[in-house]
Amino acid sequence: MTRVLPDELSGSFATRAIHAGQRPDPMSGAIMTPIYQTSTYVQDAVGENKGYEYARGRNPTREALERNVASLEGGQHGFAFSSGTGCLDSIMKLFQSGDHIVCGENVYGGTFRLFDKLLTRFGLRFTYVDSRDLQKVADAMTPETRGVVIETPTNPLMRLTDIAGCAGIAHRHDAILIVDNTFTTPYFQRPLEYGADIVWHSTTKYLNGHSDMIGGLAVLNDDVLAERLQFILNAAGAVPGPFDAWLVLRGTKTLHLRMRQHDANGRAMAAWLADRVGEDRVYYPGLASHPQHDLAKRQMSGFGGMISVDLGTRERAVQVLNRVRVFSLAESLGGVESLISHPASMTHASVEASRRDSIGLSDGLIRLSCGVEDEGDLIGDIEQAMG
């Protein structure tokens, strides 16, 4: 089990991003963590080893990443997985048949697909609610509820949940709160500080930041939960290879620098879009017009580069998507390059049209992941695409 050491929780965010969880290689002095590309480890004798037996269970490169991100989230334990969905699937194995889970209604389409199309077949039950309204979360709780799953901000409608309030509801019902922190990263939001029990990421996105790997990571404080999750990690085996772990570890070293630019570009783009198409059609928590802007300021220290805008019709959305030159039409987000997508036919295609309609995810909605390019070039690209 990868546990963060006390000294790895000290220092500023930037210093921990670069150094936490890592030490110069004792053999060569290499400042970068080596890629331990091995499947197994030679043992000194029967029952005697150096702490490593088989790489599915533990790998030094992976452990450095786990300690690093755990430190950034302010947690004690980190667990890396082969994808964000693999991470969430492993977290959900903490539950058992008959357990009830309350979930935010506007979560990533892959999260809904995992829950609705797979995990219900194994006896887990889900209730989806608008978690902006804490009373709706409270009303959905039952004696069998064992977990609450939220994204904040949500993908793609950028809706927020009061993490502390949601944690209070969950804990009063002896349930755990699981928070997807992919959009904001620990640079802008640390859910554990507000009472969340598990925070998880698709490391594919901002933590890696370079669109060249797939991965996931969970962070928590509770020793018992951590021991159970370590068992699941080893038993189910959804672990990343050492090179993918190393790529994310490289990415976190510049996370604080990249997030500042994502945030600056996101604020500028959102302000321009609000002026161009109207504040009510731009979804970005950093806008004063966002209905949850005050909550965003309380639990987030920045607003990031994710923006959604409703252009009214699918035809208008497709026109813009087909005409961009700097933005690239692609799924995913959080890379140094700017991406643009159509959630209804891409990230949320697995969500039934009726459900998309009920939560306000229209065919005219596009989602922007503002990268770290020049602000003027990004705005100019969307301006020419809109015509």
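Visitor: Why is Thr120 called partly exposed?

Guide: In this predicted model, Thr120 has a relative accessibility of 34%, and because buried means under 20% relative accessible area and exposed over 50%, with partly exposed in between (1.4 Å probe, protein chains only), Thr120 counts as partly exposed. Local features here need pLDDT of at least 70, and side-chain atom pairs count only at pLDDT 80 or more. Side-chain values use heavy atoms, with hydrogens and water left out.

Visitor: What does the side chain of Thr120 reach, and at what distance?

Guide: The side chain of Thr120 reaches the backbone oxygen of Asp116 at 2.9 Å, where a polar contact is a pair of N or O atoms within 3.5 Å, one able to donate a hydrogen and the other to accept it, and residues adjacent in sequence count only if both atoms are side-chain atoms.

Visitor: How do you know that the length of helix H8 agrees with its number of residues?

Guide: The expected span is 1.5 Å times one less than the number of residues, so the 14 residues of H8 (residues 223-236) should span 20 Å, and the end C-alpha atoms are 20 Å apart, which agrees. A helix is a DSSP run of H or I with at least four residues.

Visitor: What makes the buried residues of H8 line one face?

Guide: Seen down the axis of H8, the buried residues fall within an arc of 160 degrees, so they line one face of the helix; the arc is that of the directions from the helix axis to the C-beta atoms. Among these buried residues are Leu225, Leu229 and Ile232, whereas Val224, Glu227, Phe231 and Ala235 on the other side are exposed.

Key. Residues numbered from 1 in each chain as written. Helix = DSSP H or I, 4+ residues; strand = E, 2+ residues; numbered from the N terminus.
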